[in-house]
Structure formats: C-alpha cells, structure tokens
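Biologist: I would like to learn how to read a few structural features, taking them one at a time. Could we begin with the model below?

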Amino acid sequence: MTTWDRTAVEARLREAAAHDRAMERFGADTHRYEMRPPLPEPEIRAFETAHGIELPPPYRSFVAEVGDGPAGPAHGLLPLITPRPEADDDWAVDDEWARDRLPGRLASPFPLAEPAPGRLGAATGTLTRGTLALTEEGCGMYVRLVLNGPHAGEIWFLDPDWGGFTPSDRDFHSWYTRWLTALSQPSQG
C-alpha cells in the first residue's frame with residue numbers, strides 16, 4: 001500500500017512557491033501550490049460506493065493523507081468530491097469533472113486494451129469511460145486515472161486532436177512524485 005508524507009509534500013510545495021512568487025511555472029497561477037485538506041475516510045468510501053468503484057490505492061491514499069488537490073501537474077488536481085470553488089467561471093474542465101460523476105460512468109469498463117495514438121476526434125466521450133480526470137493540460141487535453149480492467153491504476157494522457165489516448169505513468173504515485181521532483185528544477189514558464 002502506498003503511503004504519503006504530507007509534511008514532505010507540503011514542504012516541497014512551499015519551497016516551489018517561494019521560488020516561483022510570480023507564478024510563472026505552467027499551471028501555478030491556477031493551483032498556486034496550495035493543497036486542500038485531506039478527505040475524511042467516510043467521504044471517500046461514500047464516493048466509491050455511490051459510483052460502484054474502488055479508487056486505486058496510490059490515489060486514494062493521496063486524497064486521504066495529503067489533500068484533495070489542487071496543487072499538482074498542469075492546472076492542478078481536480079477535487080474528488082466537490083467541484084472547484086471557482087467552477088462557475090465556465091471552464092471546460094468543470095464540464096469534464098461533472099461528466100465523470102454521471103451515474104455509472106466511473107464504473108463502466110475502460111474500453112481500451114491498448115493505446116489509441118493519433119487524432120481521435122469526437123470519440124473521446126466513449127474512450128474515457130472507466131477513468132477519472134485528474135488534471136487539465138489545456139486545449140482539451142487531460143490526464144486521466146484508469147479505474148478498472150487490466151490498466152487499472154495507470155495514468156493515461158488524452159490529447160484528442162493530435163496525441164490520442166496513451167499511457168503516461170504506471171500509477172498515481174509515480175506521476176505525482178515526478179511532478180514534485182520537477183519542482184526543484186528551474187521554471188520553464
């Protein structure tokens with residue numbers, strides 16, 4: 001089972017914020033290196049029960065031990081249970097977040113047996129069943145967590161216009177810690 005050191009994560013976020021006061025690193029102006037409180041176990045369990053799923057352990061333990069976003073890759077982690085506080089600003093990610101929470105969507109079988117590289121067009125709604133959007137990269141690109149099937153627990157990158165829907169990392173822990181490690185590198189804007 002994956003465990004997280006919330007103190008270490010928060011320290012890395014504070015350090016990154018101190019080195020990026022102008023919020024120039026990609027997505028920093030959205031997540032601001034801030035973390036919401038962890039979710040109580042009963043709320044996580046109620047979410048899983050309502051959606052007929054079990055969250056992959058590295059992600060589940062993150063929201064239970066570290067926090068429910070937003071500090072994270074790209075424009076930051078999407079919250080698990082409640083919409084972003086600023087969800088009324090008509091950002092496309094909020095529609096994606098809400099779509100993921102439609103009845104049966106998360107529990108639906110993940111439809112891909114192998115990556116789907118290349119232009120996807122409008123097929124993304126069906127391809128993303130059985131996955132949870134973690135973050136938005138901009139321009140309709142998302143990072144998604146596969147919830148079931150042979151790829152359960154893997155992180156997949158969705159770029160419907162050019163890159164397709166392909167694996168990115170073996171699990172949430174490796175994906176998120178790679179981002180945390182990159183925070184110590186000079187900002188590329």
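Biologist: Which residue in β4 is the bridge partner of Val143?

Modeller: The bridge partner of Val143 in β4 is Phe157. Before going on, note that this is a predicted model, in which local features need pLDDT of at least 70 and side-chain atom pairs count only at pLDDT 80 or more, while totals for chains, interfaces and linings use all residues. Residues are numbered from 1 along each chain as its sequence is written, and side-chain values use heavy atoms, with hydrogens and water left out. Helices (H or I, at least four residues) and strands (E, at least two) are DSSP runs numbered from the N terminus, and two strands pair if DSSP finds at least two bridges between them. Here β3 and β4 pair in the antiparallel sense over 4 bridges, and β2 and β3 are also antiparallel, over 6 bridges.

Biologist: In what order do the strands form the sheet, and which of them stand at the edges?

Modeller: The open sheet has 5 strands in the order β1-β5-β4-β3-β2, with antiparallel pairing. β1 (116–117) and β2 each have a single partner strand, so one side of each is left without a neighbour in the sheet.

Biologist: How should I read the two faces of a strand, and which residues of β3 lie on each side?

Modeller: In a regular strand the side chains alternate between the two faces of the sheet. In β3, Met141, Val143 and Leu145 lie on one side and Tyr142, Arg144 and Val146 on the other, and all are buried; buried means under 20% relative accessible area, exposed over 50%, and partly exposed in between, with a 1.4 Å probe and protein chains only. α7 packs on the sheet, touching β2, β3, β4 (155–159) and β5 (164–169), and its direction makes about 80° with that of β5; contact means heavy atoms within 4.5 Å.

Biologist: How many residues does the largest nonpolar core have?

Modeller: A nonpolar core is a set of buried Ala, Val, Leu, Ile, Met, Phe, Trp, Tyr and Cys residues joined through side-chain atoms within 4.5 Å. The largest has 34 residues, and those with the most contacts inside it include Leu13, Phe62 and Tyr176. α7 gives the most to this core, with 5 residues. Beyond its neighbours within four places in sequence, Phe62 is in contact with Trp4, Met35, Gly67, Leu77, Phe172 and Tyr176.

Biologist: How are packed helices described, and at what angle do the axes of α3 and α4 cross?

Modeller: Two packed helices are described by the angle between their axes and the distance between the axes. The axes of α3 (residues 41–51) and α4 (residues 57–65) come within 9 Å and cross at roughly 140°, where axes are lines fitted to C-alpha atoms, for helices over the stretch in contact, and angles run from 0 to 180 degrees between N-to-C directions. Glu41, Ile44, Arg45 and Glu48 of α3 make the contact with Arg60, Val63 and Ala64 of α4.
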